[in-house]
Amino acid sequence: MTDTYTTRTICRSLEGPGAVTLEQVPLAPLAPGQVRVRLKAAALNFPDLLMTYGKYQFRPELPFIPGMEAAGLVEETNAPDAPFQVGDAVLYKSKTGAFAEHATASPAQLTPMPAHLSFEEAAAFSVTFLTAYVSLLERGSLQKGETLLVLGAGGGVGQATVAVGKALGARVIAGASSAEKLAIAAASGADELINYAEEDFAARVMALTKGQGADVISDPVGGELFERSLDCIAWGGRLLVVGFAGGEFGILRPDRAQAKGCAVIGVRAGEFGRRDPVAGRRVAIGLQQFAEEEKLRPVIGKSWPLSDITNALRAMEGRGVTGKQVVVIGDGE
């Protein structure tokens, strides 16, 4: 028997985390083609924070339920042709809707949960590992034996990129702003570690590569790090613009890119699949198989109860968090 009420977070104004509150509402009947998932855990991503201020590329209409990714169990289905049955463990991925006890989804928003992951790990898997997979394989064409520099390597996207890069056979140089964050990168397989709060990362990369530079650079931080990346990219390298967690975009001087013969490539992993659903489905299947074969898993920095979602978002805003921040919903496991 399913519940008749559900608890969810709601953002009613674009004033940041303080505008996100909890409310209990009746569960609506499923429309044809819909699946209801009882969520066990959800993960925070930087766009969740930006959306509460209206500063992300996608601006949902108010009010909205924040949260882009979660994991749980199929509780009810009104989609006879869907490849999911009641009781199946699934990943839920959307632009919004994850910070709640239940999510109503189309089958296209769900994928089977990798068997080697817990609900908390699975909730933290979809966005960051999809971003890493699309950026390195589809956009960056990373090859075995190449050198990959990962900036922001202690954050969710950075950690996933280190893990995927190592699984692809690259030499991975990880950069982060603290020893604690670098420890996460090391645990994920990084070959070399650079604390760029204490040393010139571009000079160190050039020294580690004997003056050749990194073949592929993944930058989810932006700002000065983005600008300095052009000082340590290899001839013909690929600089992947993944995000701007540092709060600044950075300035691209075309003459510097020309001097290195390099490509500066924008990465929007979710949009990649939405623009080309066939490619998106190929990537989703490939990532799931890859994750299970390589036993890829996120590093959980901290778990928060759903009732503490405001403080969880504020902690992300303060940029003091390491690893993935996860919201445990209900009884979790």
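This is a predicted model: local features need pLDDT of at least 70, side-chain atom pairs count only at pLDDT 80 or more; totals for chains, interfaces and linings use all residues.
Visitor: Is strand β15 enclosed or exposed, and why?
Guide: Strand β15, residues 324–328, is largely enclosed by the rest of the structure, because 4 of its 5 residues are buried. Buried here means under 20% relative accessible area.

Visitor: Which way does β14 run against β15, and how many bridges join them?
Guide: Strand β14 (residues 300–305) and β15 run parallel, and 5 bridges join them. Within this pairing, K302 stands opposite Q325 of β15.

Visitor: And in which sense does β3 pair with β15?
Guide: Strand β3, residues 35–43, pairs with β15 in the antiparallel sense, over 3 bridges. Here A41 is the residue opposite V328 of β15.

Visitor: What unit do β14, α11 and β15 make?
Guide: Together with helix α11 (residues 309–317), the strands β14 and β15 make a β-α-β unit, and this unit is right-handed.

Visitor: Changing topic: what volume does the second largest pocket have?
Guide: Its volume is about 740 Å³. The pocket is lined by 30 residues, of which K93, A108, T111, G280 and A284 are the closest to its centre.

Visitor: Which elements give two or more residues to that lining?
Guide: They are β5 (89–93), β7 (110–112), α3 (126–139), α9 (269–275) and α10 (277–294).

Visitor: Which one gives the most?
Guide: Helix α10 gives the most to the lining of this pocket, with 8 residues.

Visitor: How many of the lining residues are nonpolar, polar and charged?
Guide: The lining of the second largest pocket has 18 nonpolar residues, 8 polar ones and 4 charged ones.

How values were computed
Residues are numbered from 1 along each chain as its sequence is written. Side-chain values use heavy atoms; hydrogens and water are left out. Buried means under 20% relative accessible area, exposed over 50%, partly exposed in between (1.4 Å probe, protein chains only). Two strands pair if DSSP finds at least two bridges between them. A crossover is right-handed if, with the strands pointing away from the viewer, the path from the first strand over the helix to the second runs clockwise. On a 1 Å grid over the protein atoms alone, a cavity is a set of points where a 1.4 Å probe fits but cannot get out, and a pocket is an open set with protein on both sides within 12 Å along at least five of seven lines; lining residues have an atom within 4 Å of a point. Grid points are joined across faces, edges and corners, and a volume is the space filled by probe spheres set on the points. Ala, Val, Leu, Ile, Met, Phe, Trp, Tyr, Cys and Pro count as nonpolar, Asp, Glu, Lys and Arg as charged, and the others, Gly among them, as polar.
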